[in-house]
Amino acid sequence: MPKKVDHQERRTLIADALMRVAADQGLEAVSLRHVAAAAGVSAGMVQHYFRTKDEMMAFALSVVRERSQVRVTEAVARLGEDPPPRLLLRTLLAALLPLDEHTRDDGRVALAFLAYTAVRPAAATGLREGTRQLTEFVAGILPAGRGDAAAAGLLALMEGLGVYLLGGQYTAEQALGALDAHLDLLFGSTPT
């Protein structure tokens with residue numbers, strides 16, 4: 001009887017290898033051969049699941065997004081019912097920042113994917129919709145009259161803080177301090 005193959009498990013194994021290669025060696029090191037070696041499988045198996053580098057990168061990013069969503073959901077759930085809007089936003093954005101080694105690995109992959117899409121805009125199709133939805137969500141939490149421009153600015157701040165955290169220019173405390181200062185501007189000065 002043929003062995004039953006869990007295709008999602010294999011795709012995830014390959015995507016995890018891709019993320020390790022991208023996080024450890026940079027996006028330029030991502031190739032079918034390098035990913036196959038990191039996953040301990042053949043290049044042919046990688047090609048079976050991902051025909052192109054774009055497909056590999058998009059799947060790896062979807063894994064990062066799923067992990068991020070779990071972190072956000074768990075962090076927000078710890079706030080209890082009906083948290084204050086400022087605390088809700090701080091919690092959500094802090095959960096997305098690469099503040100520890102595990103989230104830094106995900107952050108490196110996300111940053112590598114963003115750099116990849118800068119020269120291959122077609123690969124960013126899924127990001128556009130996700131960014132639009134997140135911007136609308138954040139705008140709905142901000143005080144009345146702040147709108148999409150303030151939400152976009154807050155999300156851009158979060159992305160910039162993430163880059164500074166990944167590059168070692170900021171510590172977690174500095175990044176959270178900058179986030180709090182910006183939230184103070186949007187909500188008025190209140191404790192977290």
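**Domain contact and an aromatic pair in a predicted model**

In an unreviewed entry, UniProt lists residues 31-50 as "DNA-binding region"; such annotations may be inferred rather than shown by experiment, and feature names are shortened. The structure is a predicted model, in which local features need pLDDT of at least 70 and side-chain atom pairs count only at pLDDT 80 or more, while totals for chains, interfaces and linings use all residues. Residues are numbered from 1 along each chain as its sequence is written, and side-chain values use heavy atoms, with hydrogens and water left out. Residues 31-50 are 75% helix and 0% strand, and the end C-alpha atoms of the span are 11 Å apart (helices are DSSP runs of H or I with at least four residues, strands runs of E with at least two).

The domain assignment, automatic or from a database, gives domain 1 (1-51) and domain 2 (53-187). Their contact (heavy atoms within 4.5 Å) takes 18 residues from domain 1 and 14 residues from domain 2. The C-alpha centres of the two domains are 26 Å apart. About 1,400 Å² is buried between domain 1 and domain 2, 75% of it on carbon and sulfur atoms; buried area is the accessible area (1.4 Å probe) that two parts lose on being put together, summed over both.

Two salt bridges are counted between domain 1 and domain 2, each defined as a side-chain nitrogen of Lys or Arg within 4 Å of a carboxyl oxygen of Asp or Glu. R67 forms a salt bridge with D16, with 3.1 Å between the closest N and O atoms.

A search of the whole structure finds one aromatic pair. This is Y164 with Y170, edge-to-face, at 4.9 Å centre to centre and 75° between the planes (ring centres of Phe, Tyr or Trp, the last by its six-membered ring, within 6.5 Å; planes under 30 degrees apart are stacked, over 60 edge-to-face, the rest tilted).
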